[in-house]
Each structure stands twice: as structure tokens, then as C-alpha cells.
Amino acid sequence: MHVTLLAATLAPRATSGLLGERVGERVGEQLAGVDAGADPRCYSRLVNEWFCWDYVRDYRPEIIDATLQHLLITLASVLLGLAIAFPLALLARRYPRLESTILGVSTGLYTVPSIALFPLLVPFTGLSATTVVIGLALYALTILVRALLEGLRAVPEDVREAARGLGYGAGRLLLRVELPLAVPVLVAGLRVATVSTVALTTVGSLVSYGGLGNLIRDGVQGNFRAELMTAAVLCVVLAVLLDVLLVLVQRAATPWTRGRQGQGATA
Amino acid sequence: MRVLQDAWRYLTDASSWTGDGGMLALLAEQLLLTAGALGIAMLVGLPLALWLGHLGRGGFLAINITNVGRAVPTFALLALLVTADPWGWTGDLFPGTATLGPFGRGGAATLVALALFALPPIITNAYTAVREVPTEVREAARGMGMSGWQVFRRAEWPLALPLVASGVRLALVQVWATATIAALVAGPGLGRVITDGFFRTQYGKGIAGAIVVAAVALVLELLAAWVQRAVTPPGAPGAASPGRSRRVSPDRNTVAP
């Protein structure tokens with residue numbers, strides 16, 4: 001019964017080229033195993049378990065490569081998003097008339113599904129990691145501009161007054177007073193942006209730069225359950241690790257908030 | 001830039017729109033899926049969240065459901081839900097890629113997956129909306145002798161409506177985006193045009209599909225914004241003010257996939 005289901009799910013996709021080799025490769029491996037009289041691997045086509053340690057061991061280089069690609073794409077996207085969000089937030093704060101335009105355009109971008117945004121970038125950046133990074137940075141941007149604006153606004157006016165009274169200029173006020181005080185709200189935004197970027201990176205598999213998403217795609221197309229599940233679990237683990245890292249960074253950067261935990265965190 | 005010309009040619013070619021598997025049919029299919037999933041999610045999520053908000057309990061759940069939902073890649077979850085019965089618990093009952101009427105191939109499983117993805121924004125916003133009703137209002141209503149239901153119906157609900165609507169609006173955008181990804185996995189909807197184009201190296205076609213998906217997403221967002229404005233009484237907390245919302249509103253912290 002499972003075999004017919006398999007055949008049925010595979011048949012319409014057999015044309016998509018990309019998977020042909022991989023499936024062949026896996027069947028070949030499995031047959032070799034049978035010839036040698038060894039136990040079939042738990043990821044072999046007949047057993048096809050969801051959780052399979054043999055898979056992780058045998059395919060380790062591939063998994064590590066995909067995870068590294070995933071991590072690099074995520075970090076590059078969030079950093080690029082932050083680099084663009086920073087001047088935009090300052091502009092929006094300086095010129096209130098620009099604010100609704102900046103927020104409106106970034107929210108509009110946000111509405112475009114990622115799977116449609118990547119193809120729209122392809123004519124300009126080709127089938128490359130750049131396409132994915134730019135696309136994801138645009139999504140992160142929306143969250144980060146809002147977080148930055150919100151964080152800067154949360155700085156009490158009397159603190160600003162006091163700093164000015166001490167002779168702080170605009171630049172020094174921003175760097176030494178406003179930004180440090182905005183850190184909790186900014187980090188809350190960064191956490192949201194990072195965690196969703198980790199999840200969204202998988203969609204980059206459309207242009208073959210999806211990190212773990214590539215494994216998920218291949219797992220779906222080849223009905224390779226262990227590959228699909230391992231990649232999905234690694235995605236969640238990566239997201240949680242980065243989230244925890246950001247919380248730790250925030251704690252280290254804002255020792256004064258330690259008394260009142262969780263105040264800056266958004267829902 | 002040649003791909004852009006290809007995309008234009010595909011968009012302007014009548015035969016790519018009509019017929020079985022044409023873009024019009026796929027568009028209808030995806031709109032139907034989106035509406036269906038959103039409907040299910042509202043039916044399940046709204047009463048639950050409003051009730052919890054009214055009682056003032058379960059805030060932990062309402063907040064964390066969003067955080068957890070964000071970390072799980074929609075693509076992976078769709079793949080798990082749609083490609084197969086993940087653990088074989090349901091025997092052959094799990095719909096998998098079976099066709100469901102107008103929802104197309106993989107219809108039932110996609111519908112379930114999409115409804116799941118629509119739940120977090122709906123629940124979180126509806127819960128927050130009711131919780132954010134000022135205590136004085138609630139107490140005044142109670143002081144006037146209103147019953148629990150009346151307090152909800154006549155005080156909390158009208159005040160909560162704008163934020164509830166913004167949650168539904170966010171869910172709509174999200175479901176539309178996720179429905180497109182569903183094509184990577186199962187089959188129904190416009191995402192098919194994109195994935196077909198990309199996996200068969202007809203990039204023009206893929207880009208054409210992306211243009212249609214993006215355009216419809218923007219139209220849906222504008223429509224939803226219009227509806228939201230229509231249900232928001234002037235001067236209400238969620239009403240559009242010239243400077244727009246002055247805070248990172250809770251309705252905007254999930255990314256459409």
C-alpha cells in the first residue's frame with residue numbers, strides 16, 4: 001500500500017530533473033546494501049523512517065554544508081536589513097512626513113509572499129544567494145525599522161533633556177544615550193526578525209540557495225523522510241539557538257534592566 | 001533581462017490563463033483555499049480567543065502560540081502535513097495528496113495546514129484586543145448591572161473589533177503567502193506556476209507567476225485594510241491617525257512566509 005502511494009506521489013514530479021539523480025543514488029545505495037547482506041539503513045527506501053540517526057551519520061557533510069549555508073544566509077540578511085533599517089528609522093524620525101511613506105512601502109513589501117519575491121529579484125541578481133539575502137533583508141527591514149523607531153521613541157524626554165544639558169550634541173546623544181536605551185526594544189525586534197528569517201530561508205530552495213530548505217525540498221520530492229525531518233528539526237533548533245543568543249547579548253548589553261526582567265520583550 | 005520579456009510574453013498569452021491548469025483556474029483554486037482556511041481558522045480561533053480574553057486567562061498560551069509558530073518553517077510543516085501521513089496513526093484516513101473537490105490536489109491537507117497557520121495571528125490579536133479594553137470600561141459596564149455576556153457584547157466587543165480585524169487581515173495575507181508555498185509541496189494554487197517555471201528552467205513563466213501572486217497579495221491587503229477601516233469607528237484606539245500607529249503594533253510581528 002505504501003509502495004503504491006509512493007509511486008503515486010513521485011510520478012508527477014519525475015520530470016523535474018533535479019531529483020532524478022538523488023533518488024537513483026539512494027536506491028543504488030540501498031541495493032548495494034542488500035547485495036552485501038547488510039541490514040537496510042533506516043533511511044532506505046523500504047524502511048524510510050522519519051527519525052534516523054544513520055542518515056545524520058552517513059550524510060553528515062551534506063547536512064553541515066546546508067546548515068552553514070542556512071546560518072550564513074540568515075545572518076547576512078538580518079545584518080543587511082539592520083544596516084538599511086538604521087538610516088531609514090533615523091530619517092523617519094527626523095522627517096515625520098517621510099515616516100508614513102517608509103512604513104507604508106516596507107509594509108507593502110512585507111505583503112508580497114517570499115516565494116513570489118525571490119522570482120521577482122531573479123532578473124536582477126540571478127539564481128544566487130544574493131537574491132535570497134536581499135529578499136530576506138527586505139522582510140527583516142520592516143520589523144527592524146519599526147523596532148528602531150519604537151525603541152528611540154521610548155527614550156524618556158527628560159533623559160534627552162538632561163543629556164543635552166550636559167552638552168551632548170545630536171550624534172553623541174544618539175550613540176551614547178538613545179541607542180543604548182533603545183536596545184531592549186531593538187533586540188525584541190531583532191529576535192522576531194531573526195527567528196522568522198531562519199524559517200523563511202527555507203523558501204530560498206526555489207533558487208537552490210535555501211540552506212536546510214534545499215534538503216527539505218529534496219526530501220519532499222524524493223519522499224526521503226529522514227532528510228525532510230532532520231532538516232526541519234535543525235531549522236527549529238537553529239532558530240531557538242539564535243534567539244537564546246540574542247537574549248544573552250541583550251542581557252550583557254543592558255545590565256540595568258536585569259532587575260525588571262522581560263519588560264522590553266514584545267509578545 | 002530576457003527573462004522579463006519571457007515573463008511578459010507568458011502574462012499576455014491568453015492560453016496561459018485559460019483552460020485546465022491555466023492561471024485563472026489556479027487563481028480561483030488558491031482564492032478558494034485561502035478563504036476556506038481563513039474561515040475555518042476564524043471559526044475555531046475567534047470564539048476561543050475572545051472567550052479567554054473575556055475571562056482574562058490563558059495569556060501565556062496566546063502569546064506563545066505566536067512565538068512557536070514563527071520558528072517552525074511553514075515550508076517544512078506543509079511538507080510534513082501534506083506529503084504523507086507523518087506517523088501512520090490515521091491509517092489510510094489521512095488525506096495526503098488526495099483531491100478534494102474544488103480545492104484541488106492535496107486539498108484537504110493543504111486546507112488544514114493553512115488553517116493552522118492562520119490561527120496564531122487571529123488568536124493573539126483577538127486575545128490582546130479584549131485584554132486591552134480599559135478596566136474602567138469593563139467595571140463601569142458591570143456596575144451598570146450588565147451580565148458577563150452583556151459586558152462582552154456591548155462593551156468589550158465594539159472596542160476590540162479594530163484589533164481583531166487587524167489580526168484577521170494579517171492572517172489573510174499570511175494564508176495567501178502560505179498557500180503559494182503549498183504548491184512547492186502538494187499542488188493546488190498559483191505557486192505551481194512559479195515552481196514549474198523554476199524547476200523546469202522556464203524562468204519567464206516562474207516570474208510571471210510571481211507577478212500574479214504578488215499583485216493579488218497586494219490587492220487582498222488593500223481590500224482587507226479597507227474592510228478594517230470600515231469596521232473601525234472614528235476615534236477608536238485602532239483608527240488610522242495621520243501619523244499612523246505610534247508603536248510596534250502587536251499585529252505586525254509575524255512575517256508572511
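Begin with chain B as a whole: of its 257 residues, 54% are buried. The coordinates belong to a predicted model, and the tour therefore starts with confidence, since pLDDT expresses the predictor's confidence in each residue.

**Chain B: overview**

Colour chain B by pLDDT. The average is 79, and 80% of the residues score at least 70. Next, select residues 240–254 of chain B, where the pLDDT is below 50. In the model this stretch has 28 contacts beyond near neighbours in sequence.

Switch to a cartoon display. Chain B contains nine helices and two strands. Read from the N terminus, its elements follow the order α-α-α-α-β-β-α-α-α-α-α. If contacts in chain B between residues at least 6 apart in sequence are considered, 73% of them link residues at least 24 apart. A surface display of chain B shows an accessible area of about 11,400 Å², and carbon and sulfur atoms contribute 67% of that area.

**Helix α9 of chain B**

Select residues 203–231 of chain B, which form helix α9, and centre the view on B:Ala217 within that helix. Is B:Ala217 buried or exposed? Its relative accessible area is 3%, so B:Ala217 is buried; the cut-off for this class is under 20%.

Move along helix α9 of chain B to B:Gln228. With a relative accessible area of 11%, B:Gln228 is likewise classed as buried. When residues up to four places away in sequence are not counted, B:Gln228 touches B:Pro162, B:Ala165, B:Ser166 and B:Arg169.

**Aromatic pairs**

Display the rings of Phe, Tyr and Trp. Over all chains, the structure holds seven aromatic pairs. Select B:Trp149 and B:Phe152 as one of them: the ring centres are 5.8 Å apart and the planes meet at 40°, so this pair is tilted. Both residues belong to helix α7 of chain B, which spans residues 148–185. B:Trp149 and B:Phe152 are about one helical turn apart, because three residues separate them in that helix. B:Phe152, at 12% relative accessibility, counts as buried.

Now select B:Phe198 and B:Tyr203. Their ring centres lie 5.3 Å apart with the planes at 70°, so the arrangement is edge-to-face. B:Phe198 has a relative accessibility of 5% and is classed as buried. B:Tyr203 is classed as partly exposed, with a relative accessibility of 23%.

**Chain A: overview**

Turn to chain A and return to the cartoon display. Chain A has 11 helices and zero strands, and its elements from the N terminus read α-α-α-α-α-α-α-α-α-α-α. Of the 267 residues in chain A, 51% are buried. Among contacts in chain A with a separation of 6 or more, 70% are between residues 24 or more positions apart. The accessible surface of chain A amounts to about 12,000 Å², with 67% of it belonging to carbon and sulfur atoms.

**Local features of chain A**

Select residues 53–58 of chain A, which make up helix α3, and show the side chain of A:Asp54 there. With which side chain does the side chain of A:Asp54 make a polar contact? The partner is the side chain of A:Arg57, at 2.9 Å. Apart from neighbours within four places in sequence, A:Asp54 is in contact with A:Arg41, A:Cys42 and A:Tyr43.

Next, select A:Tyr55, A:Tyr59 and A:Phe224 together, which form one aromatic cluster.

For the last stop, select A:Tyr168 and A:Arg172. The charged end of A:Arg172 is placed over the ring of A:Tyr168, at 4.2 Å from the ring centre.

Technical notes
Residues are numbered from 1 along each chain as its sequence is written. Chains are lettered from A and ligands numbered from 1 in the order in which they are written. Side-chain values use heavy atoms; hydrogens and water are left out. Helices (H or I, at least four residues) and strands (E, at least two) are DSSP runs, numbered from the N terminus. Buried means under 20% relative accessible area, exposed over 50%, partly exposed in between (1.4 Å probe, protein chains only). pLDDT is the predictor's confidence in each residue, from 0 to 100. Contact means heavy atoms within 4.5 Å. Accessible areas come from the Shrake-Rupley method with a 1.4 Å probe; for residues, only the protein chains shown count as cover. A polar contact is a pair of N or O atoms within 3.5 Å; within protein, one must be able to donate a hydrogen and the other to accept it, and residues adjacent in sequence count only if both atoms are side-chain atoms. Rings of Phe, Tyr and Trp (its six-membered ring) pair if their centres lie within 6.5 Å; planes under 30 degrees apart count as stacked, over 60 as edge-to-face and the rest as tilted. A charge sits over a ring if NZ of Lys or CZ of Arg is within 6 Å of the ring centre and within 35 degrees of the ring normal.
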